[in-house]
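I begin with the helix and its charged pair, then turn to the core and its rings, and end with the hairpin.

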Amino acid sequence: MNYTELKEIVRHIKKMVPCSNCNRKFNNDTIHVLSSYNHEALFHFNCSHCHNQLIVHVTVSDTGDDKSKLSIHAKNTHSISQNDVLDMHNFLNGFKGDFRKLFSPENH
Ligand SMILES: [Zn+2]
């Protein structure tokens, strides 16, 4: 996934996903790309108003008519610290697997 695609996705998520706590929109300064691999990307959202944190997983699928469909899964990570985010970032740097597996209920 290239930078332009990521930017496009972030723009989309900002519209689609408000803060799960205070319902405000996220702004660019508080959105970080944790990892992207093929057609999937993982973002960390940090609400500037209430400091609620979300991990957002996006899958881009080709619908065949020159349009891409985004599947967005947001997970509340209210209790994680900045260190946890860094740990996750480090983990994902070496991660070349299946995000769906990572996010599947069996792992929790
Ligand atoms: Zn908030």
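1. A helix, as the word is used here, is a DSSP run of H or I that covers at least four residues, and helices are numbered from the N terminus. Please keep in mind throughout that the model is predicted. Helix α1 spans residues 3-16, and both R11 and E8 lie in this helix, three residues apart, which is about one turn.

2. Side chains of opposite charge can pair when their charged atoms come close. The count of salt bridges comes to one, and this salt bridge is formed by R11 with E8, whose closest N and O atoms are 2.6 Å apart.

3. Which residues have the most contacts inside the largest nonpolar core? That core has 16 residues, and the ones with the most contacts inside it are I13, F26, F43, F45 and V56. The elements that give two or more residues to this core are α1, β2 (40-46) and β3.

4. A search of the whole structure finds two aromatic pairs. One of them joins F26 and F45 in an edge-to-face arrangement, with 4.8 Å from centre to centre and 80° between the planes. Because F26 lies in the loop between α1 and β1 (31-37) whereas F45 belongs to strand β2, the pair ties together parts that are 19 residues apart in sequence. F26 is buried, with a relative accessible area of 4%, and F45, at 0% relative accessibility, also counts as buried.

5. The pair of F43 and F45 is likewise edge-to-face, at 6.4 Å centre to centre and with 80° between the planes. F43 and F45 are both buried, and ring pairs link F26, F43 and F45 into a cluster.

6. The surroundings of F26 deserve a separate look. Leaving aside residues up to four places away in sequence, F26 touches K14, V17, P18, C19, I31, F45, N46, C47 and L54.

7. How do strands β3 and β4 run, parallel or antiparallel? Strand β3 (residues 53-62) and strand β4 (residues 68-76) run antiparallel and are joined by nine bridges, with T59 standing opposite S71 in β4. The hairpin of β3 and β4 has five residues between the strands, and within this hairpin G64 takes a positive phi near 90°.

Note on methods: Residues are numbered from 1 along each chain as its sequence is written. This is a predicted model: local features need pLDDT of at least 70, side-chain atom pairs count only at pLDDT 80 or more; totals for chains, interfaces and linings use all residues. Side-chain values use heavy atoms; hydrogens and water are left out. Two strands pair if DSSP finds at least two bridges between them. A salt bridge is a side-chain nitrogen of Lys or Arg within 4 Å of a carboxyl oxygen of Asp or Glu. A nonpolar core is a set of buried Ala, Val, Leu, Ile, Met, Phe, Trp, Tyr and Cys residues joined through side-chain atoms within 4.5 Å. Buried means under 20% relative accessible area, exposed over 50%, partly exposed in between (1.4 Å probe, protein chains only). Contact means heavy atoms within 4.5 Å. Rings of Phe, Tyr and Trp (its six-membered ring) pair if their centres lie within 6.5 Å; planes under 30 degrees apart count as stacked, over 60 as edge-to-face and the rest as tilted.
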